[in-house]
Amino acid sequence: METAGRFELVSEKEFIKDSQGLLKGNPSEIYQNLKLPRRATAGSAGYDFFLPEEIEVKPGQTVTIPTGIRVKMRRDYVLLLMPRSSLGFRYRMQLNNTVGVIDSDYYHADNEGHIFARITNDTNQDKTMSLSAGTAFLQGIFMRYGLAEDDDTVAERTGGIGSTDRH
């Protein structure tokens with residue numbers, strides 16, 4: 001099977017900068033324990049992303065999680081991010097953008113391509129979502145994509161999240 005890309009950590013400096021106000025613990029210490037995404041089994045399509053620290057998300061609450069991860073991938077691939085099925089099933093955990101789309105050129109963004117997840121506990125059963133550091137909470141799936149015959153896009157990314165609509 002052909003490979004689509006490679007996961008890396010953002011620099012510690014970038015992680016600390018991006019984590020301001022988002023983490024409870026010491027970002028430098030948290031950074032030392034970050035884990036790269038990985039598949040749980042040989043048949044898994046998704047690469048599990050792991051929580052950098054313990055979280056508690058009350059019903060209806062939203063939190064933003066700096067993963068510390070970036071991905072370098074082939075230009076004809078995209079990484080799609082979705083909640084882990086079990087968390088969606090138990091808590092109706094949702095990504096606020098429904099599906100995260102990580103483009104190949106995001107790797108070169110001004111934030112080092114740092115992948116964030118904004119999640120909401122949308123439970124209708126009044127359940128608080130309590131998860132330990134290191135728990136798999138997202139899954140990323142590499143997908144190959146095609147271009148339209150008349151595609152003439154030449155613009156290059158210069159910013160981070162939401163920057164492609166500024167062209």
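# Report on cores, sheet and contacts

Leu79 touches Phe7, Phe49, Val71, Met73, Gly100, Val101, Ile102, Ile115, Gly140, Ile141 and Phe142, not counting residues up to four places away in sequence. Contact here means heavy atoms within 4.5 Å. The model is predicted: local features need pLDDT of at least 70, side-chain atom pairs count only at pLDDT 80 or more, and totals for chains, interfaces and linings use all residues. Residues are numbered from 1 along each chain as its sequence is written, and side-chain values use heavy atoms, with hydrogens and water left out.

## Nonpolar cores

In soluble globular proteins, nonpolar side chains tend to be buried together. A nonpolar core is a set of buried Ala, Val, Leu, Ile, Met, Phe, Trp, Tyr and Cys residues joined through side-chain atoms within 4.5 Å. Buried means under 20% relative accessible area, exposed over 50%, and partly exposed in between, with a 1.4 Å probe and protein chains only.

The largest nonpolar core has 29 residues, and Leu79, Phe49, Ile115, Ile119 and Phe137 touch the most other members. Another core lies apart from it; its six residues include Val10, Phe15, Ile30 and Tyr31.

Helices (H or I, at least four residues) and strands (E, at least two) are DSSP runs, numbered from the N terminus. Two strands pair if DSSP finds at least two bridges between them. Strands of a sheet pair through backbone hydrogen bonds, either parallel or antiparallel.

An open sheet is formed by three strands in the order β4-β9-β7, with antiparallel pairing. At its edges stand β4 (62–66) and β7 (93–95); each has a single partner strand, so one side of each is left without a neighbour in the sheet. From one strand to the next, the twist averages 30 degrees; such angles run from 0 to 180 degrees between N-to-C directions of lines fitted to C-alpha atoms. β7 and β9 (residues 116–121) run antiparallel and are joined by three bridges. Leu95 has Ile119 as its bridge partner in β9.

## Aromatic pairs

A pair of aromatic rings is described by the distance of the centres and the angle of the planes. Rings of Phe, Tyr and Trp (its six-membered ring) pair if their centres lie within 6.5 Å; planes under 30 degrees apart count as stacked, over 60 as edge-to-face and the rest as tilted.

The whole structure contains five aromatic pairs. In one of them, the ring centres of Phe7 and Tyr47 are 5.4 Å apart and the planes stand at 55 degrees, so the pair is tilted. Phe7 belongs to strand β1 (residues 5–9) and Tyr47 to strand β2 (residues 47–50), so the pair ties together parts that are 40 residues apart in sequence. The rings of Phe15 and Tyr31 also form a tilted pair, because their centres are 5.7 Å apart and their planes are at 50 degrees. This pair links distant parts of the chain, with Phe15 in helix α1 (residues 12–18) and Tyr31 in helix α2 (residues 27–32), 16 residues apart. Both Phe15 and Tyr31 are buried.

Arg70 is found in strand β5 (residues 69–73). Its side chain reaches the backbone oxygen of Tyr107 at 2.9 Å and the backbone oxygen of Glu112 at 2.8 Å. Leaving aside neighbours within four places in sequence, Arg70 is in contact with residues including Arg6, Phe7, Glu8, Leu9, Val10 and Ile115.

Asp18 lies in helix α1. The side chains of Asp18 and His114 are joined by a polar contact of 2.6 Å. Not counting residues up to four places away in sequence, Asp18 touches Asn111, His114 and Phe116.

## Positive phi values and accessibility

Most residues other than glycine have a negative phi, and most peptide bonds are trans. Arg92, which is not a glycine, has a positive phi of about 55 degrees and lies in the loop between α3 (85–91) and β7. Asp126 is a residue other than glycine with a positive phi near 55 degrees, located in the loop between β9 and β10 (129–131).

The table gives the accessibility of several residues discussed above.

| Residue | Relative accessible area and class |
|---|---|
| Phe7 | Phe7: 10%, buried |
| Asp18 | Asp18: 13%, buried |
| Arg70 | Arg70: 14%, buried |
| Tyr47 | Tyr47: 24%, partly exposed |
| Arg92 | Arg92: 37%, partly exposed |
| Asp126 | Asp126: 66%, exposed |

Terms used: Polar contact = N/O pair within 3.5 Å; in protein donor to acceptor, adjacent residues only side chain to side chain.
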